[in-house]
Amino acid sequence: MSLIKQHKFLETNVFLLILGIFITVAVGGLVEIVPLFSIGSTIENVRGVRPYTPLELAGRDIYVREGCYNCHSQMIRPFRDEIERYGHYSLAAESKFDHPFQWGSKRTGPDLARVGGKYSNEWHVRHLIDPRSVVPESIMPGYAHLAARPLDYDTIAAHMKTLDVVGRGEMYTPVDGAIENAVADLEAQATPDADTSALVARYSDFAYGDDRAEDEATTMALGDLDGNPDVITEMDAMVAYLQVLGTMVDFTAVDDTRKAEWIR
Amino acid sequence: MADHPERDEITGRYTTGHEWDGIKELNTPLPKWWVWVFYVCIAWSVVYSVVYPSWPAMAGFFGGVAGWNARSDLAADLDAAREARSEWLTQIAAKDVSEVLEDDTLRRYAMRGGEVLFKENCAPCHQTGGAGARGYPTLADDEWLWGGTPDAILTTIRYGIRDQDNDETRFSEMTAFGEWELLTPEQIEAVASFVFALSNGEAPEEGEGYDIFVQQCSACHSAVPGTADGEGNQMLGGPPLNNRIFLYGGTQEDIASQVFKPTHGVMPPWENRLSDEEIKQLAVYVHSLGGGE
């Protein structure tokens with residue numbers, strides 16, 4: 001009599017059945033969980049990648065709130081057609097400060113992983129207010145209310161702190177003074193002619209680490225982004241976020257040896 | 001459990017041996033072909049996991065004996081595409097845009113490529129066919145803010161206009177005559193009225209507006225500074241004002257508002273986003289749209 005025929009014995013004994021189910025589920029769970037123990041060693045560290053500034057982070061929240069991800073993905077896949085249209089394929093590291101990530105596969109609109117720097121700030125504002133005023137064939141809804149609503153950033157520091165906790169202290173803790181100066185940084189980024197040196201230095205230091213060159217600075221949209229210098233609106237935050245997407249890694253500076261590292 | 005399952009008398013098939021209140025269950029095994037497909041799939045998964053990247057490891061992963069991965073696959077794809085186009089692209093890379101324009105084969109190749117690139121990258125602002133919109137210059141006419149020669153177009157595409165981070169970017173900034181209180185509202189009104197008349201070919205050759213124009217505006221907006229010809233100056237990015245082409249509207253109110261506090265357009269630089277050959281193809285296409293110099 002083969003072992004498999006003994007299942008009647010297992011099925012009619014409650015304690016053994018519970019034990020059997022537990023062992024089965026445990027094996028399935030371990031196969032998924034154990035590899036995560038070594039996740040620290042599998043994350044690529046790519047030069048230039050940094051957490052979002054407070055203004056960009058506020059913009060990202062609006063992006064999520066408005067459901068932009070329902071139509072726009074943020075992941076350029078490693079295929080020739082995608083690369084010729086959108087640019088270098090997305091690296092996992094470029095999403096490492098996204099919580100939750102915005103990859104997606106639903107593309108009613110174009111992919112936005114590298115939309116930063118592709119259009120002017122003014123274009124983004126006009127396009128968000130009335131998409132068909134610049135792209136006649138667009139089916140995107142208008143988001144004119146963003147320009148009318150002042151940005152509520154009272155809780156931005158707490159929000160960053162929360163993300164830092166979720167990110168096991170590896171998100172904003174390593175950016176010197178990011179949480180303490182969150183409100184000042186946010187206002188500096190969105191105010192025309194403001195002193196942004198502390199903000200830029202803070203995030204550049206993180207992005208380029210110890211081998212940061214003297215004049216090396218991380219790119220971010222600065223100043224009055226929505227054409228209304230008097231008040232920081234949700235539109236300012238949204239444009240700041242869109243303009244940083246995909247701009248952190250300088251792919252022109254990547255030499256062939258570094259590429260070989262990515263192509264394992 | 002019976003060692004030999006009982007055979008059902010009516011159907012002639014074996015039962016499973018289960019019985020509920022006298023009701024017995026017939027044993028209906030899965031079809032043999034289905035079972036075999038299942039076994040083959042299991043065997044296939046084992047072979048696949050050996051050949052292709054599969055099992056996670058403490059650091060990294062098992063890459064498979066075939067050495068395949070999506071990135072090297074892509075690199076091969078891109079190399080093949082580059083190889084297929086290299087006949088034309090190497091020539092385009094080696095030549096100036098004006099030389100490409102003279103070579104009929106290359107020009108036609110660049111036109112097709114430029115058209116595709118224009119649709120994806122330029123049309124959102126400059127509109128299909130370079131028709132332009134308020135704030136986004138029309139590329140299908142013969143008025144150029146920064147020059148319409150092949151090389152001037154190439155420079156504009158490569159480095160952009162008024163980009164915050166690009167050192168080579170084209171830059172000009174018109175004085176905010178009203179906001180900085182350099183002209184009184186009455187003076188602005190007078191000069192706006194003069195420019196409006198100039199744009200209609202009815203400019204007077206004297207008067208307050210004329211004097212202000214010659215003094216304040218002619219350095220950038222006239223071919224000969226100190227005159228009121230209004231021909232513009234491409235070196236400084238000063239648009240001509242002696243015609244009806246206006247970027248921010250051509251009514252007297254639009255002109256006055258631009259004198260009071262000018263709006264400045266921004267164009268992103270493309271040198272890091274597009275390859276040199278792609279930028280040259282775009283320059284050929286834009287040059288062809290209507291008014292290349």
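Does B:Met174, with 18 C-beta neighbours inside 10 Å, count as buried, exposed or partly exposed, and why?

B:Met174 counts as partly exposed because 18 C-beta neighbours lie inside 10 Å. In this scheme a residue is buried if 20 or more other C-beta atoms lie within 10 Å of its own, exposed if 12 or fewer, and partly exposed in between, with C-beta atoms placed from the backbone. The residue is found in the loop of chain B between α6 (150–159) and α7 (185–199); helices (H or I, at least four residues) and strands (E, at least two) are DSSP runs, numbered from the N terminus.

## Basis of the model

The model is predicted: local features need pLDDT of at least 70 and side-chain atom pairs count only at pLDDT 80 or more, while totals for chains, interfaces and linings use all residues. Residues are numbered from 1 along each chain as its sequence is written, and chains are lettered from A and ligands numbered from 1 in the order in which they are written.

## Annotated regions of chain B

An unreviewed UniProt entry lists "domain: Cytochrome c" for residues 109–199 and 204–290 of chain B. UniProt positions are given in the numbering used here, feature names are shortened, and annotations may be inferred rather than shown by experiment. Residues 109–199 are 46% helix and 0% strand, with end C-alpha atoms 39 Å apart. For residues 204–290 the content is 41% helix and 0% strand, and the end C-alpha atoms lie 32 Å apart.

The UniProt annotation "binding site", also from an unreviewed entry, covers B:Met174, B:Cys217, B:Cys220 and B:His221. These residues are spread over 48 residues of sequence, yet they cluster in space, with a largest C-alpha distance of 10.5 Å. B:Cys220 is placed in helix α8 (residues 208–221) of chain B and counts as partly exposed, because it has 18 C-beta neighbours inside 10 Å. Leaving aside neighbours within four places in sequence, B:Cys220 is in contact (C-beta atoms, placed from the backbone, within 7 Å) with B:Asn233, B:Leu236 and B:Gly238.

## Interface between chains A and B

The contact takes 25 residues from chain A and 27 residues from chain B. On the side of chain B that touches chain A, α2 (70–94) and α5 (123–126) each supply at least two residues, and α2(B) gives the largest share, eight residues. That side divides into 15 nonpolar, seven polar and five charged residues. Ala, Val, Leu, Ile, Met, Phe, Trp, Tyr, Cys and Pro count as nonpolar, Asp, Glu, Lys and Arg as charged, and the others, Gly among them, as polar.

Definitions and conventions. Contact = placed C-beta atoms within 7 Å.
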